[in-house]
Amino acid sequence: MDGQIERILDICLEKMEQGIPVDEVLMEYPQYREELKELLTIAKDIENAPLPRLRDEAVTSCLVKVHDALQLQKKPVWRARLPRLQWSRLFYFPSPAWAKALAFVLIISLFFWGAVNLSADSLPGDPLYPIKLATEKVRCFLTIEPEGKAKLRLAYSEERTQELVRYLDEKGELNIRVLQAMLDEAALVMDNIPRLPKDKGIVYCLKLEQLCTFQKEVLEGLKSMVPLTQRQELDNAIQICQHRHEWMGKVIRNEVPIGEWGPFVPKEI
Amino acid sequence: MKLEKLVIEEEVLEKAKQLEETALSILVKKCYPFVFRYFYYRSVTREDAEDLASEVFVRVVSSIKGQRGYFPAWLISIARNLLTDYYRKRGRSRETSLEEIEEPSLDSDGNEKDTLHPDDIRKMLDMITEEQKEVIILRFIEGNTNEEVAKTMNKSIGAIKALQFRALTALREILKKEE
């Protein structure tokens with residue numbers, strides 16, 4: 001029964017919406033007249049009640065807020081979510097531009113620092129090996145003192161020697177380019193020795209002599225592991241190291257002036 | 001008072017979804033009164049009703065791109081969520097200040113009309129359930145059909161008919177008690 005009265009109420013409401021008076025509508029349903037009349041009157045009273053006043057300023061204020069929200073929406077997301085003030089708060093910088101620049105520099109530095117560290121143990125053929133070589137070149141370029149340059153060249157030549165051994169261990173062949181680089185780096189030490197004070201020049205001559213001896217011994221140790229096809233290059237390199245060792249001995253004994261290059265003149269193996 | 005129904009042209013809605021400011025302004029001008037009244041009759045002070053209505057449109061801007069389905073239903077769902085937050089923050093009690101009491105409507109002779117006052121309706125609605133309140137607002141104040149109310153409230157037409165019967169019966173009981 002309840003479902004029926006709800007349906008009849010709805011029919012009556014629809015008829016009232018068409019402009020039919022309440023009493024006329026209810027004539028069709030005399031059995032519900034008592035109950036429905038009050039309900040229909042309440043519905044009609046609510047429909048006919050005046051609406052609350054709407055202030056023009058409220059609509060204008062809403063339009064302004066929507067405009068602002070729209071501007072914010074059109075900005076890139078990261079700008080909208082990270083207001084400029086937060087950057088300066090984060091770094092305690094008076095200007096957000098400085099904070100951003102500092103953050104940028106920090107990120108880039110961190111990236112390079114990571115790449116340089118990871119490349120330290122790389123070998124020829126590794127993706128990071130060019131970074132290692134580039135870093136060495138930059139360090140050498142930034143070093144002004146001849147002593148510093150000589151020290152770096154000695155270290156790089158020694159580093160190439162180690163790379164040569166590791167490469168042979170891993171790949172089973174001699175890397176001729178690294179071998180050549182090892183000899184060239186040692187030769188470049190000679191480029192800086194004449195520019196040093198005499199006492200320091202002698203010290204670096206001693207170091208270079210030791211390096212050549214060390215390289216000769218290492219290369220001789222590799223002989224049994226190197227494929228026959230590369231044996232010739234290895235023998236040539238051993239011979240160069242031997243000549244350099246002997247030459248440096250003469251320099252130390254003052255038999256040859258410090259500026260003379262002798263076997264240190266760069267040449268292909 | 002018979003209201004003009006809330007009808008949004010498809011073209012305006014599509015442009016608003018692309019965040020065109022003119023279309024959004026049209027949308028605000030058309031829908032603001034509807035949203036304001038929704039809050040006004042839901043035990044909210046006039047100032048808060050205006051603020052909440054504005055907030056609804058700010059949220060519309062941020063999420064209209066993904067709007068699907070019947071637009072008034074979507075709008076009401078935003079308003080309903082805001083209202084829930086509002087009730088939670090403020091508590092359900094409502095105090096009507098002197099400034100916000102509507103002036104009585106007068107006829108041409110300057111006499112008070114024999115009609116229900118918006119504030120009387122608001123007080124009566126305050127005593128019925130939230131769903132009943134929503135049916136009364138959408139059906140009799142906004143003048144929607146049962147189908148439209150059903151779509152807006154996401155209910156069947158039968159459920160809406162039952163709700164409107166129960167709401168009107170509840171209001172009759174309240175009026176009887178007052179007499």
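Colleague: Before we start, how do you number things?

Modeller: Residues count from 1 along each chain as its sequence is written, and chains are lettered from A. As the model is predicted, local features need pLDDT of at least 70, and side-chain atom pairs count only at pLDDT 80 or more, while totals for chains, interfaces and linings use all residues.

Colleague: What makes up chain B, helices or strands?

Modeller: Chain B has eight helices and zero strands. Those are DSSP runs, H or I of at least four residues for helices and E of at least two for strands.

Colleague: Why are α10(A) and α11(A) called roughly antiparallel?

Modeller: Their axes, lines fitted to C-alpha atoms over the stretch in contact, cross at roughly 165° on a scale from 0 to 180 degrees between N-to-C directions. Angles over 145 count as roughly antiparallel, so α10(A) and α11(A) get that name.

Colleague: Which residues of α10(A) meet α11(A)?

Modeller: A:Met182, A:Ala186 and A:Val189 do, and their partners in α11(A) include A:Tyr204 and A:Gln215. In contact means C-beta atoms, placed from the backbone, within 7 Å.

Colleague: How many residues does each chain bring to the contact between chains B and A?

Modeller: Chain B brings 37 and chain A brings 31. On the chain B side, α2(B) gives the most, with 10 residues.

Terms used
Parallel < 35°, antiparallel > 145°, perpendicular 65-115°, else oblique. Contact = placed C-beta atoms within 7 Å.
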